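Visitor: I should like to learn how to read the features of a protein model. Would you take me through one, step by step?

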Amino acid sequence: MLCTRITNARIITMDPAGPAARELGIWRGRVVGLDEDVAGLSARRTLDLGGATVLPGFIDAHVHLAWAGLKAEAPSVAPSRRADDVLRVVAEAVAEAPVGGWVDFGGYDQRTLDRPLTATDLDAVSAGRKVYLGHLSGHACLVNSAILDGLPADVARADGFLAEGAMGAALKTRPPHSLTELASAIERAARTCRAEGITGCAEAGVGGRLIGHSPIEAAAYQLAHESGRLPLRVQLMVAADALHTVKAADEDATSRAIDLGLRSRFGEGTLSLGALKIFTDGGMMARTAALTSPYLGSDGSGQLMYEAEVLESTIVAGHLAGWQLAVHAIGDRALDVALDALEKAQKLSPRPEARHRIEHAGLVRPDQLPRLAALGVTVVIQPSFLRYYGDDYATVMGEDRADWLYRGRGFLDHGIRVAGSSDRPVANGAPLRAVQFMVERASESGRLIGPGEALTVEEALRAYTTEAARACHWETDAGSLAPGKRADLVVLGDDPRRVEVSRIGEIEVVRTFVEGDDTF
């Protein structure tokens with residue numbers, strides 16, 4: 001007897017062997033069969049969907065759940081256009097915090113203000129608290145003097161605006177969040193994901209100085225899982241910061257590891273270890289993404305996170321130790337460094353099925369496309385960045401480079417696999433909106449950015465299903481609806497392939513199943 005039979009549905013399986021169906025059977029969390037294979041079987045529950053569309057559950061290949069959950073509860077200074085409005089929000093919020101305490105704010109973006117803010121401005125409204133304004137990008141912050149005073153002199157900028165490593169130094173002085181607090185934040189963000197049709201995601205870095213919230217952050221995910229508060233499947237990337245030098249047998253080729261030598265693909269089911277996350281540069285909003293030519297109207301061209309030789313050493317060591325690598329590279333200069341290191345790693349120890357990933361690939365020159373293809377890497381892009389930040393990005397790249405931003409067609413035409421993601425909470429995380437933007441290539445102002453890079457709706461859906469599953473080594477269990485696979489699926493109020501492209505992001509997510517369960 002089936003646990004659930006879904007009938008009268010427009011099922012898009014994303015499985016080339018049987019791309020469409022009207023009926024689907026579920027038993028013990030798995031797809032038993034489709035159409036005639038299950039037509040004669042009895043079921044405990046039958047769901048007549050009245051012609052609604054069913055897709056495999058969406059997979060977001062790059063998110064930050066803990067950060068998203070914490071940010072949702074923290075006071076925000078966005079959207080602000082006037083510096084005085086930001087200071088008013090800070091003054092009101094710090095009044096609720098204990099004297100000497102640390103107060104986090106989200107949504108800071110210096111680009112939109114009528115004048116730049118400084119640590120001195122914050123001091124005037126801090127009332128004896130330590131004030132940290134997190135930048136929208138996650139790559140910078142503005143802090144007051146109470147925080148600056150505790151930093152090394154070589155990173156404590158007088159104006160209080162700290163980027164990348166300097167931001168990391170500030171965060172190290174912050175009292176760590178408790179596991180209970182983090183588990184609640186994770187659950188909060190995960191429930192939002194589930195409501196948007198997401199059934200699995202890759203948490204893009206635990207244990208890192210830039211994106212970590214506790215030295216034992218992974219335990220918060222275990223706590224959320226064990227207490228029944230993790231309503232979707234999560235794969236944890238480990239930040240390279242968490243590796244330490246180890247002495248292993250020479251033949252093991254391992255010089256750096258996390259405790260016990262755990263690496264990618266350890267763990268099963270709802271919570272597991274994924275890739276090793278390695279930062280090579282910063283972000284475009286903070287102007288720290290490393291470019292080969294300066295940002296338009298500026299002498300600056302961003303920065304590498306470390307010297308190129310250090311980054312190469314980390315990437316090669318991770319590869320030799322057997323990790324799948326997720327290399328953060330936004331600027332084209334950073335991508336050159338990543339490609340050089342990955343080519344060296346594969347030459348030293350060929351691993352064709354390593355499935356290394358480039359996270360973001362924000363600016364990719366034409367000459368870099370064949371190199372990406374030859375390495376067999378997956379690019380994990382954020383289509384929503386084009387929508388929400390595309391006007392700014394295209395402006396600072398200039399006409400000569402704007403078409404290279406967050407490519408789509410150029411990747412596929414070179415045989416490069418593309419997985420979809422949001423980088424939540426940096427941008428809106430709804431997959432259907434991202435699918436729309438991958439096809440439209442339009443910013444909020446309506447500006448077309450690299451229109452020749454547009455994908456079809458079908459290709460965009462694949463990026464959020466089969467390709468994202470493969471990027472996480474989940475393709476045998478998820479990403480498509482076929483017998484034996486997990487019954488992870490989303491029911492939509494309309495078919496994204498049949499509506500006007502401009503309406504895709506507004507399609508209702510009716511319900512989401514994880515292993516056949518649609519309650520959460």
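This is a predicted model: local features need pLDDT of at least 70, side-chain atom pairs count only at pLDDT 80 or more; totals for chains, interfaces and linings use all residues.

Visitor: In what order do the strands of the open sheet lie?

Guide: The order is S9-S10-S11-S12, an open sheet of 4 strands with mixed pairing. Strands S9 and S12 (161-163) form the edges, each pairing on one side only. On average, neighbouring strands of this sheet are turned by 25 degrees against each other, direction ignored.

Visitor: How many bridges join S9 to S10, and do these strands run parallel or antiparallel?

Guide: There are 5 bridges between S9 and S10, and the two strands run parallel. Within this pairing, Val103 stands opposite Val131 of S10. Helix H2 also packs on the sheet, where it touches S9 and S10. The direction of H2 makes about 150 degrees with that of S9.

Visitor: How should I read a helix such as H2?

Guide: Start with its length. Helix H2 has 12 residues, 83-94, and at 1.5 Å a residue these should span 16 Å; the end C-alpha atoms are 17 Å apart, which agrees. An α-helix has 3.6 residues a turn, so residues three or four places apart point the same way.

Visitor: Which residues of H2 are buried?

Guide: They are Ala83, Val86, Leu87, Val89, Val90, Ala93 and Val94. These residues cover an arc of only 160 degrees around the axis, which puts them on the same side of H2.

Visitor: What covers the buried residues of H2?

Guide: The cover includes strand S9 (102-108), helix H3 (119-126) and strand S10 (130-135). Two of these, S9 and S10, are the strands that H2 touches when it packs on the sheet.

Visitor: Which residues does Ile6 touch?

Guide: Leaving aside residues up to four places away in sequence, Ile6 touches Arg22, Glu23, Leu24, Ile26, Leu47, Leu49, Leu489 and Phe513.

Visitor: Where is His139, and is it buried or exposed?

Guide: His139 lies in the loop between S10 and S11. Its relative accessible area is 8%, and His139 is therefore buried. Beyond residues up to four places away in sequence, the contacts of His139 include Leu162, Ala163, Glu164, Phe279, Asp281 and His328.

Visitor: How should I read the backbone angles?

Guide: Most residues other than glycine have a negative phi, and most peptide bonds are trans. Met14 is not a glycine, yet it has a positive phi of about 60 degrees. Asp35, also not a glycine, has a positive phi of about 50 degrees.

Visitor: Where do Met14 and Asp35 lie?

Guide: Met14 is in the loop between strands S2 (10-12) and S3 (20-21), and it is buried at a relative accessible area of 3%. Asp35 is in the loop between strands S5 (30-34) and S6 (43-48); its relative accessibility of 23% makes it partly exposed.

Visitor: How many helices and strands does the protein have?

Guide: It has 16 helices and 23 strands. Its radius of gyration is 23 Å, close to the 24 Å that the globule rule gives for 520 residues, so the protein is as compact as a globular protein of that length. Of the 520 residues, 58% are buried.

Definitions and conventions. Residues are numbered from 1 along each chain as its sequence is written. Side-chain values use heavy atoms; hydrogens and water are left out. The expected span of a helix is 1.5 Å times one less than its number of residues. Buried means under 20% relative accessible area, exposed over 50%, partly exposed in between (1.4 Å probe, protein chains only). The arc is that of the directions from the helix axis to the C-beta atoms. Contact means heavy atoms within 4.5 Å. Two strands pair if DSSP finds at least two bridges between them. Axes are lines fitted to C-alpha atoms, for helices over the stretch in contact, and angles run from 0 to 180 degrees between N-to-C directions. The radius of gyration is taken over C-alpha atoms; the globule rule is 2.2 Å times the number of residues to the power 0.38.
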